[in-house]
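Here's a quick tour for anyone opening this one for the first time. Have a look at the structure, then follow the notes below.

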Amino acid sequence: KTSREISFAIEKKILLINAESKSEILEIERIAKIKRKKVNIGIRLNPNTDAKTLSQISTGKKENKFGVSEKTFFNLVNYAKNSKFLNLKCLSVHIGSQILNHKPYEKMLKVIKKVIDKTKFKFEYIDLGGGMGVDYEKVNKKLNLKKYASSIKRFLKNNKSQIIFEPGRTII
């Protein structure tokens, strides 16, 4: 996101801005300070989860450029908690696209639970990303949505956060 896009988002009072890095959080905070506004943010965690999809569309493994590591995530949660201009509300993840198996989602939810337990932070929103696949050639099994929904229900029992599914309201 450019500084101009961040500024525009703040002016439009969107729900929150999902940040991908420490530098992006610092830029959001810098602009918020200039505007004298407290800005709702989310932090995108890279859950190091292999979605077992095409390598070109993988976004959730540690070698992918999207999101921050667990260690950086913990540091950014503490940073945001102490900022006068940032209001941390969301933990965001995305593990890839064209996912045809519920197991990567289950692994992702386990990582998220571990991170939430370790931070002891009450996130208002959990932004679950990972595009559900379509088997165009009819050679793979369909994604078992019942098993995925069951995994989410188990997760929600322990966490009273609101789940946001892609594309996800007014989150950037």
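Predicted model: local features only at pLDDT ≥ 70, side-chain atom pairs only at ≥ 80, totals over all residues.

**More on helix α4**
- With 17 residues, α4 reaches 25 Å from its first C-alpha to its last, close to the 24 Å expected at 1.5 Å a residue.
- Just past the end of α4 comes lysine 120, which has a positive phi of about 55°.

**Strand β3 and its partners**
- Strand β3 (residues 86-94) has 8 of its 9 residues buried, so the rest of the structure largely encloses it.
- On one pairing, β3 runs parallel to strand β2 (residues 39-44), and 6 bridges join them.
- Within that pairing, asparagine 40 sits opposite asparagine 87 of β3.
- β3 also pairs with strand β4 (residues 125-129), again in the parallel sense, over 5 bridges.
- Here serine 92 has aspartate 127 in β4 as its bridge partner.
- To get from β3 to β4, the chain goes through helix α4 (residues 103-119), and this β-α-β crossover is right-handed.

- In soluble globular proteins, nonpolar side chains tend to be buried together.
- The largest nonpolar core here has 40 residues, and those touching the most other members are Ile41, Ile43, Phe73, Leu91, Ile112, Phe123 and Leu128.
- Helix α4 is the top contributor to this core, giving 7 residues.
- Skip the residues up to four places away in sequence, and isoleucine 43 still touches Asn18, Ala19, Ile25, Val68, Phe73, Leu76, Val77, Leu88, Cys90, Leu91 and Ser92.

**Leucine 45, a loop residue**
- You'll find leucine 45 in the loop between β2 and α3.
- Is leucine 45 buried or exposed? Leucine 45 has a relative accessible area of 0%, and buried means under 20%, so this residue counts as buried.
- Leaving out neighbours within four places in sequence, the contacts of leucine 45 are Gly67, Val68, Ser69, Glu70, Phe73, Leu91, Ser92, Val93, Val111 and Val115.
- One of those, glycine 67, is 22 residues away from leucine 45 in sequence, yet their C-alpha atoms are 4.8 Å apart in space.

**Helix α1**
- In helix α1 (residues 3-11), the buried residues are Ile6, Ser7, Ala9 and Ile10.
- Around the axis they cover an arc of only 160°, which puts them on the same side of α1.
- Arg4 and Phe8 are exposed, on the face of α1 turned away from its buried side.
- The buried residues of α1 pack against β1 (17-19), α2 (22-35) and β2.
- After α1 comes lysine 13, with a positive phi near 55°.

**The chain as a whole**
- The chain has 5 helices and 5 strands.
- Reading from the N terminus, its elements go α-β-α-β-α-β-α-β-α-β.
- The chain has 172 residues, and 48% of them count as buried.
- Take contacts in the chain between residues at least 6 apart in sequence, and 75% of them join residues at least 24 apart.

Notes:
Residues numbered from 1 in each chain as written. Heavy atoms only, no water. Buried < 20%, exposed > 50% of the residue type's maximum accessible area, 1.4 Å probe, protein only. Helix = DSSP H or I, 4+ residues; strand = E, 2+ residues; numbered from the N terminus. Pairing = 2+ DSSP bridges. Right-handed = clockwise from strand over helix to strand, strands pointing away. Core = buried A, V, L, I, M, F, W, Y, C linked by side-chain atoms within 4.5 Å. Contact = heavy atoms within 4.5 Å. Expected span 1.5 Å × (residues − 1). Arc of directions from axis to C-beta.
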